[in-house]
Amino acid sequence: MLSMGLDIGGTKTEAVVLDATGNSLMSKRIGTVKTDYYAFLTSLLDFIKDVRCAFSEPVSIGLCLPGTEDSTTHLIKNSNIIVLNHRPLIRDLEQALGQSVARDNDANCFTLSESTDGAGAHAGVVFGAILGTGCGGGLSMNNLLWRGRNGNAGEWGHNPLPHFDPVKDGGPVECYCGQLNCTESFISGTGLARQFHQRNNMLLDAQSITALVAQQDLQATTVFRLFRDQLARSLASVVNIYDPDIIVVGGGLSRVPDILSGLTEAMEHYIFNTTCNTPVVIAKHGDSSGVRGAAWLGREAMTKQMLQTQRQPSV
């Protein structure tokens, strides 16, 4: 059985097909259609069928979902692709394709990828952290995602920033989720830009700020030093709760030179114990981790389905 992963983004949709050992057999992209729901659905179905028809053996399907699926209504919500909201995307895909479609958010797909055959492949408990425009997280135990009773396991971005100090961190910040001082409001690309603007009254994006850091600009370096301390506090909180064997970091900010250098030692100031030896490493598969995780997710779901079918008594 082969495994197809799909990563649906606001601009492009990427598909990858992996064999059982994780070798990529095909990688393909199309533009994401966002004019209306049915145009989106038609485009995605045609894309899936086109990729699937290139192979003679069965292909499982996993989806890196833009937004979340409501557990009660099974409708999509909180998607940045507006036409998907309040629509039964997974049901429509499964009915049209005649097979199950596994799905999860980008952080969980990223974590599954890195714990399966990535930077955390040899670890038992892996915490995956995405530092990009936002701040997502996921948790894997023995190569299986742990989602928790409410599906919130790993959502470190919407806990309050640990050890928040208005003198050090600035005034309270209201997150888009409605809570105050969420970690995502600080340790993310938007959080870095907000804090730089707050202290220097200059509107720069995260990429421009980190470029200034590389040039040893004093204002940018001061804000980035605070950002690193906030990151250490937040990861120390993860260690206090989950104590993972390894923390794997991805997203645009993970590519900033030296962002993770000495981070384990910095976390020691904030964990319950007096020492910390948790490795914090860069993702092996980089930007491909989400789509690869979706592929592994589909393979896992189809394998379970096949086992359940085999166990059913014959009539």
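# A guided tour from helix α5

Begin by selecting helix α5 and displaying its buried residues, which are Gly 189, Gly 191, Leu 192, Ala 193, Gln 195, Phe 196 and Asn 200. The structure on display is a predicted model. Helix α5 spans residues 189-200, 12 residues in total, and reaches 16 Å from its first C-alpha to its last. That reach is close to the 16 Å expected at 1.5 Å a residue.

Next, display the elements around this helix. The cover over the buried residues of α5 includes α4, α6 (206-214) and α7.

Now select Asp 169 and Arg 233 and show their side chains. They meet in a salt bridge, with an N to O distance of 2.8 Å. This pair links distant parts of the chain, since Asp 169 belongs to helix α4 and Arg 233 to helix α7, 64 residues apart. Are these two residues buried or exposed? Both Asp 169 and Arg 233 are buried.

Lys 168 counts as partly exposed because its relative accessibility is 38%. With the four residues selected together, a network of salt bridges can be traced through Lys 168, Asp 169, Asp 229 and Arg 233.

**A further salt bridge**

Move to Asp 70 and Lys 77. The two are joined by a salt bridge in which the closest N and O atoms are 3.6 Å apart. Lys 77 has a relative accessible area of 35% and is therefore partly exposed. For the model, the count of salt bridges comes to 12.

**Thr 264 in helix α8**

For the last stop, select Thr 264, which is placed in helix α8 (residues 263-267). Why is Thr 264 classed as buried? Its relative accessible area is 13%, and the class of buried residues takes in values under 20%.

Which residues does Thr 264 touch, leaving aside those up to four places away in sequence? They are Cys 276, Asn 277, Thr 278, Pro 279 and Val 280. Finally, zoom in on Thr 278: its backbone oxygen lies 2.7 Å from a polar atom of the Thr 264 side chain.

Terms used:
Residues are numbered from 1 along each chain as its sequence is written. This is a predicted model: local features need pLDDT of at least 70, side-chain atom pairs count only at pLDDT 80 or more; totals for chains, interfaces and linings use all residues. Side-chain values use heavy atoms; hydrogens and water are left out. Buried means under 20% relative accessible area, exposed over 50%, partly exposed in between (1.4 Å probe, protein chains only). Helices (H or I, at least four residues) and strands (E, at least two) are DSSP runs, numbered from the N terminus. The expected span of a helix is 1.5 Å times one less than its number of residues. Contact means heavy atoms within 4.5 Å. A polar contact is a pair of N or O atoms within 3.5 Å; within protein, one must be able to donate a hydrogen and the other to accept it, and residues adjacent in sequence count only if both atoms are side-chain atoms.
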